[in-house]
Structure formats: structure tokens, C-alpha cells
Amino acid sequence: MKHKLSTALRKCVPGFFVPKLSLGTSRRGWVLALPLVLSLASLGCGLSGSLSELLGNNNPPTPTRIPLPTFTPTPANIVMIDVNAQPTSTATLEPSPTPEIFEPSPTPPPPPPDTPEPVSAAVTVTILKDMNVRGGPGTNYPVLGTAPVGASSNVVGRNADSTWLQVEYPPGSSTTGWVYAPLVQVDGNPEVVAVAAVSEPPAAPPPEESPPEESPPPAPEPPKYQFTPGAWHASENAGICHFKGRMRDEAGNFVYGYSVYVTNLSWGAISHPAGASHHYPDKNEEWDVAGIELQNCPGWWYLSVVRYECADFQARFEAQCKEFTRLSEEIPVEVVYPDEMVINADWVCHWDCDKGLYSQPLPRP
């Protein structure tokens, strides 16, 4: 060992001399001297190298073997790029995603204080004219009663289109009825009132079988006679038996030139034609038969309108003439003494009213 150490020191420091140690030197003494020797040798080697560089020592140093590097396994998320490799494509590398920046969430504003819901104003109706209050929104619901003009009530409901309004009926009570909105004065907006649930209207009763229609009375038959009776009445007269009357057309105008035949079936007489003639210029519109004896007057008599047809009327008039044309049916009348002794019998002419012996009374002389 001593020999190896001496050789090494000489390589570092030429002329270095390692003193000889006798064999008698103790092992302990050698061990203690060894550190000093190594220090001197290291210093000598260092100085020797430095002096060689300064003095231009051309002897190259002995190459020292460089230890091979060790490789650490690459984590999976790290991409290894070979800087010596040639690019094989022109694809551009996408930039790394910008790391997401987490900002703190803004503190939400405090909720607004609770605002009470507005209370809608009351809706009322005022009755403008007497009207029915019904049990539902329609005329097919029964009538509950009537509402007078000027009455007011609160609206508590409505139908879908607000054409009918449900009101307190009677006003201020817990019961309700329905009124037709277009016929009342509405104060407030009825749309704020809830739609009321209503039941279906009661079914209409089956129609009653109407009795068969009575046929209208038959139209009056046209008169069979040119003259028909008009107004008739009797009056009291104990001293005379008298038949008289007037003739008119349907318009109420006097008719002249026709006579009345009076008979009790045993005796008869014909009246002078109605209106004045040259025989009786003082006659007015009446016809008349008079001069019957009182004892012969009471009883049944028969009257009819006739056309006087005895010859030569212009020369004379004969009350007992039997030549005539009957123009009406015979109408019976009872003469009662003394209460009904004067018989007033009027007649109505329906056609040919101007075809008598004359159409106008003759002028008085």
C-alpha cells in the first residue's frame, strides 16, 4: 500500500518524496499520518495541473469517462418533443386553452319588501228601469223578483263575457241574483270580478198540446135582399096606431122613392115613398102608414120594403095598391096597446139605392 501511494503522489508532484517508515513504526502512527499525506498529495496535484496550464504543458490530460445520464419516466400529461426531428406536416399547433378564471359570484341584492296586493274597488250596479232579476245569466233562467228604478247593489260575480252580472239580491243580503248588464249602470270595472260558476238552466217543460184552432167564423153572407132592417123601437101612444121610419144606404145617406108594405094578414096598406112628392109635398125623409083604427091595431104585423108599381103614379097614389115588388123579407113586430102603439122601423139599402120612383125628394112648391 505504501508503494502504491508513493507512486500516485509522484505522478501529481514530481520529485515528491514519501519518507520511508520503518517497519518498526507502529500501525497506529501510520494511520494518523495518512490524512496529512493525502492532503499534501491533493494540493500537489492541484498545483501541478495549474502550473502545467500556465507553462503550456502540451501533454493532454488523461480523458475522464463521463457517466451516462439517467432518464426519468415522463408523466402522461407531458408531451415530449424531439427537437432533432423534421416536421412532417404544416399543421399549426393550437394554442393552449386559456385557463378559466374563477371570479367570485356577486352577492344577490336583498329581496324587495313584500308589497300588499292592491285591493280592487267595489263594483256596483244601479237599476235604470224596472227589470227582472233572474236565477242565472240568461232569460231561460227563472225570475226571482223585480228590481225598482234607482236601487243599487254590489256585483259579486259575472259570466264569461260580462253581459250578465251577479249581484246581491236583495241588496246587502247573502243571496244573489242576475241582471242584464246593458240595461243597468255599472260603476267600476266588472272584469276584476271573478267569473261565477252557475248551473245549467232548468229544462223547459214540454210544450202543451194546444187545442185545435177554432175555425174562424164564417164570413157573413151577402144580404139576400136589397133592404135589411136597421134600428127598430116602439113608443107609447094611447090615441093612435102609427108605423113610420127612414131609409139609408150603407154610408148613412138618406134613400128616397121606396115604400113599406104593412099588413096583419087580414088588412094591409102601402106607404107613400120616402121623401116628398107632388102628392105629399110636406113629407120629409120618413115613410109612414097611419089612420088604422085603434081596435084593429094591437097584435102581430109584418113589414117589408117594396117598390110601388101601380100605374100612373104621377096622376095619383093608392095606399091599397097591390102591385109592387118586395125588396126585403117580411119582419114581424107586435103592437101592444097602449105602450107600443107607435112602431119606428128604419131600413138599410145595400144596392140600387137610387133606383126608386125618384132619387131625390121633389122640391116643395
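I began with Pro-361 and placed this residue in the segment after β17 (342-349). I note that the model is a predicted one.

I then looked up the accessibility of Pro-361: the relative accessible area is 32%, so the residue counts as partly exposed. For its surroundings, I set aside neighbours within four places in sequence and found Pro-361 in contact with Tyr-256, Gly-275 and Ala-276. I also checked Ala-274, which lies 87 residues from Pro-361 along the chain; the C-alpha atoms of the two are 8.1 Å apart.

Next I turned to the largest nonpolar core, which has 27 residues. Those touching the most other members are Phe-227, Phe-243, Met-247, Trp-287, Leu-303 and Trp-347. I listed the elements that give two or more residues to this core as β11 (259-263), β13 (287-289), β14 (299-308), β16 (331-335) and β17. The most comes from β17, with 4 residues.

Leaving aside neighbours within four places in sequence, I recorded contacts of Leu-303 with residues including Trp-232, Phe-243, Val-260, Trp-287, Ile-331, Val-333 and Trp-347. I also noted a second, separate core of 14 residues, among them Val-125, Met-131, Val-133 and Ala-181.

Finally I traced the strand pairing of β14. This strand pairs with β11 in the antiparallel sense over 5 bridges, and Val-306 in β14 stands opposite Ser-259. I found β14 and β16 running antiparallel and joined by 5 bridges; Trp-301 has Val-333 in β16 as its bridge partner. With strand β15 (residues 324-326), β14 pairs in the antiparallel sense over 3 bridges, and here Val-306 stands opposite Arg-326.

Technical notes: Residues numbered from 1 in each chain as written. Predicted model: local features only at pLDDT ≥ 70, side-chain atom pairs only at ≥ 80, totals over all residues. Heavy atoms only, no water. Buried < 20%, exposed > 50% of the residue type's maximum accessible area, 1.4 Å probe, protein only. Contact = heavy atoms within 4.5 Å. Core = buried A, V, L, I, M, F, W, Y, C linked by side-chain atoms within 4.5 Å. Pairing = 2+ DSSP bridges.
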